[in-house]
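Work through the exercises below with the model open. Try each task before reading its solution.

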Amino acid sequence: MSQNYQTSLLSGENSVTQAMELLQKGEAVALPTETVYGLAADASDIIAVNKIFEAKGRPKNHPLIVHIPDVSHLENWAKTIPNIAYDLATLFWPGPLSILLQKADHVHYEVTGGLDTIALRVPAHPLFLEVLTKLNIGLAAPSANRYKQLSPTIAEQVMQGLGGRIAAVLEGGPCQHGLESTILDLVSEKPRVLRAGPVTQQQLETAMGHSVDTPKNHAEAVPGNIEAHYQPSTPLRILSSAQLLEKIDSLLQKNCHLIVWSDTIIERCKKVNFPVSKWSNLENDAALFGRDLYVTLYRVDQTFPSQIIIEKPPQSDAWAAVNDRVSRASA
Ligand code: TXA
Ligand code: MG
């Protein structure tokens with residue numbers, strides 16, 4: 001039973017070896033990636049893969065991303081691979097780009113949620129890469145959270161969500177990007193971004209030399225990428241900077257927590273003496289904002305406000321992944 005584990009937090013010397021041994025025994029182990037922590041298992045072992053679904057409480061038709069040691073493993077998992085996949089791999093791997101291709105015939109449908117496609121990426125975190133390279137296999141790994149909860153970006157958050165349900169968590173420090181990888185569909189007629197992420201649409205268009213679609217209805221193409229996702233336990237609302245400026249005095253009386261980023265609002269919070277425990281200041285920079293978003297939501301959740309109010313982020317391409325997650329968190 002997945003509830004009966006004494007989950008070890010592996011850190012320091014031998015921790016990578018211990019994680020590898022557990023994976024080889026068919027256990028699911030949480031590993032750090034540069035995006036978020038992933039719950040990894042041997043992608044060729046159906047029993048191990050099922051442990052992922054059980055620990056997360058994830059519906060069986062939600063496909064998993066398979067992480068591979070390097071681009072030479074693409075052919076082990078995918079077929080009819082277009083040249084552009086290799087070009088993108090050269091540019092963005094190891095890194096936060098998952099590429100959707102036709103799955104190879106032998107790949108278990110348990111991994112792909114019954115689909116004939118497979119998402120693949122080479123992660124950049126040195127510990128995950130070391131595990132992959134030494135084992136020389138593919139590791140299926142969704143984000144290491146219970147179904148529908150926030151993706152974890154620190155080991156403590158994985159322990160809180162999956163402690164008792166998995167064999168171990170490998171400590172790898174806070175994740176560099178803090179948001180899940182960009183998913184690019186290369187199977188559809190025209191390449192399309194199925195999930196915004198650290199690799200931006202513009203970067204992909206520059207790399208490919210043509211425009212890339214960004215369909216609005218993710219749930220259709222990406223089972224599990226539903227509107228209400230990536231949510232904290234506390235209800236979350238988005239207010240524009242102007243709305244926030246207008247409401248800030250009345251919010252002082254409420255049990256809410258503000259997450260803000262603009263100089264104007266930060267100054268205002270200070271000026272009206274908004275209690276420091278009731279507001280958080282994120283960076284006015286898409287990458288740094290993204291890095292800190294989930295961990296801030298996780299920490300704020302633990303203070304039990306009745307509402308989280310987030311200052312609407314800028315709307316440019318660089319902020320697309322942040323805006324996607326913020327809007328889902330508020331759905
Ligand atoms: O950054 C990331 O991508 C992290 C780290 C651990 O690599 N992983 C991650 O996995 O976010 P997960 O399972 O939480 O989200 C993967 C998304 C899901 O919404 C899933 O439906 C979609 O990718 N996906 C995976 N394989 C797919 C496929 N064959 N077709 C369509 N969508 C797919
Ligand atoms: Mg996830």
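**Ground rules and layout**

The chain is divided into domain 1 (8-208) and domain 2 (236-329); these bounds come from an automatic or database domain assignment. This is a predicted model, in which local features need pLDDT of at least 70, side-chain atom pairs count only at pLDDT 80 or more, and totals for chains, interfaces and linings use all residues. Residues are numbered from 1 along each chain as its sequence is written, and side-chain values use heavy atoms, with hydrogens and water left out.

**Exercise 1. Describe how domain 1 and domain 2 meet.**

Step 1: Start with the separation. The C-alpha centres of the two domains lie 30 Å apart.

Step 2: Count the contacts (heavy atoms within 4.5 Å). Domain 1 contributes 21 residues, and domain 2 contributes 17.

Step 3: Take the buried area, which is the accessible area (1.4 Å probe) that two parts lose on being put together, summed over both. The domains bury about 1400 Å² between them, with 56% of it on carbon and sulfur atoms.

Step 4: Find the main contributors in domain 1. Leu150, Leu179 and Ala196 lose the most area to domain 2, together 35% of what that side buries.

**Exercise 2. At what angle do α1 and α6 pack, and which residues meet?**

Step 1: Locate the helices. They are DSSP runs (H or I, at least four residues; strands are E, at least two), numbered from the N terminus. Helix α1 covers residues 15-24 and helix α6 covers residues 126-135.

Step 2: Read the geometry. Axes are lines fitted to C-alpha atoms, for helices over the stretch in contact, and angles run from 0 to 180 degrees between N-to-C directions. The angle is about 50 degrees and the axes are 10 Å apart.

Step 3: Classify. Angles under 35 degrees count as roughly parallel, over 145 as roughly antiparallel, 65 to 115 as roughly perpendicular and the rest as oblique. Therefore α1 is oblique to α6.

Step 4: List the residues. From α1 come Val16, Met20, Leu23 and Gln24; from α6 come Leu127, Glu130, Val131, Lys134 and Leu135.

Step 5: Sort them. Ala, Val, Leu, Ile, Met, Phe, Trp, Tyr, Cys and Pro count as nonpolar, Asp, Glu, Lys and Arg as charged, and the others, Gly among them, as polar. This contact of α1 with α6 has 6 nonpolar, 1 polar and 2 charged residues.

**Exercise 3. Check the backbone at Pro94 and Asn14.**

Step 1: Trp93 and Pro94 are joined by a cis peptide bond, with omega about -5 degrees. Pro94 sits in the loop between α4 (83-92) and β6 (97-103).

Step 2: Asn14 has phi near 70 degrees, a positive value in a residue other than glycine. Asn14 lies in the loop between β1 (8-10) and α1.

Note on methods:
Chains are lettered from A and ligands numbered from 1 in the order in which they are written.
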